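Trainee: Could you walk me through reading a structure like this one, feature by feature?
Mentor: Gladly; let us look together.

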Amino acid sequence: MKIVVCIKQVPDTAEVKLDPKTNTLIREGVPSIINHDDKAGLEAALRLREQCGGTVSALCMGPPQAEGALREALAMGVDEAYLLSAREFGGSDTYATATIIAAALRKIGFDLIITGRQAIDGDTAQVGPQIAEQLHIPQVSYAEELRAEGDSMIVKRQFEDCSHLLKVATPCLITALSELNEPRYMSVGGIVDAYEKEITVWGFEDLKEAFNPDWIGLQGSPTNVFQSFGKQLRAPGVVLNSLSADEAVEAIMQRLIQRHLI
């Protein structure tokens, strides 16, 4: 089985800053990690390899420093790693990102693709399903359990207050929840091996024949962020503990009337 896991390097913080001109994240000076759901996907792939044999590849789209996330994946036990990095890819929305990644996946080849459900810096949960649509393969999202059975995958899918148990034939794409498993730690030997392996880097010229260049990057993305802003602190409330119950009710009613809420 040839498994490819799509991972993303994300800021290791909830306090991100945004470029007011492009509405994209400012990553300089912020430590980065592998997205939590993606790391669960890596662990799931490694366990499937132990069960069924085959290979596991990690694929990441991002700036050159995203190589660090791929080195971590290699240290966990991944066989090979691919970095998609080019200025032309910068600012891509989910559709453009899926277009670029799907082009790379066609070039690599696959039996199973695993992505995280969503990235903590975007929370759209769109890229994985969009990749599957572009590759015309079946998909199962929100996987909380996963195992192989012959040429098919058995997936327990989280759904609101219940679960779906689904069987899907390969090739297919599965999006993983962080609850799927507990990712393994990097071993010392794995870290050494990770820095001895070569990461394949593909840029615009390597993939441009597989997509329309007008539909990637910031300018080619069909959607864009109209406005972005930081989290606003709420004004402090008013405590009415010095009033009687009737007086407090009257004071609250007056404030609701003043704000035209009643």
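The conversation below moves from the whole chain to a strand and a loop residue.

Mentor: A word on the source: this is a predicted model, where local features need pLDDT of at least 70 and side-chain atom pairs count only at pLDDT 80 or more, while totals for chains, interfaces and linings use all residues. Residues are numbered from 1 along each chain as its sequence is written, and side-chain values use heavy atoms, with hydrogens and water left out.

Trainee: How many helices and strands are in the protein chain?
Mentor: Helices (H or I, at least four residues) and strands (E, at least two) are DSSP runs, numbered from the N terminus. Here the protein chain has eight helices and 13 strands, and its C-alpha trace spans about 75 × 40 × 40 Å along the principal axes.

Trainee: What percentage of the residues count as buried?
Mentor: Buried means under 20% relative accessible area, exposed over 50%, and partly exposed in between, with a 1.4 Å probe and protein chains only. Of the 262 residues in this chain, 41% are buried.

Trainee: And which residues have the most contacts inside the largest nonpolar core?
Mentor: In soluble globular proteins, nonpolar side chains tend to be buried together. A nonpolar core is a set of buried Ala, Val, Leu, Ile, Met, Phe, Trp, Tyr and Cys residues joined through side-chain atoms within 4.5 Å. The largest one here has 38 residues, and I7, L42, I114, L146, M153 and I174 have the most contacts inside it. Apart from it lies another core of 27 residues, including I101, A104, I137 and L173.

Trainee: Why is strand β12 described as largely enclosed?
Mentor: Five of the five residues of β12 (residues 172-176) are buried, so the rest of the structure largely encloses this strand. Both of its faces are covered: C172, I174 and A176 are buried on one side, L173 and T175 on the other.

Trainee: Is L180 buried or exposed?
Mentor: L180 lies in the loop between β12 and α5 (188-194), and at 12% relative accessibility it counts as buried. Contact means heavy atoms within 4.5 Å; leaving aside neighbours within four places in sequence, L180 is in contact with A40, A44, A143, E144, E145 and L146.
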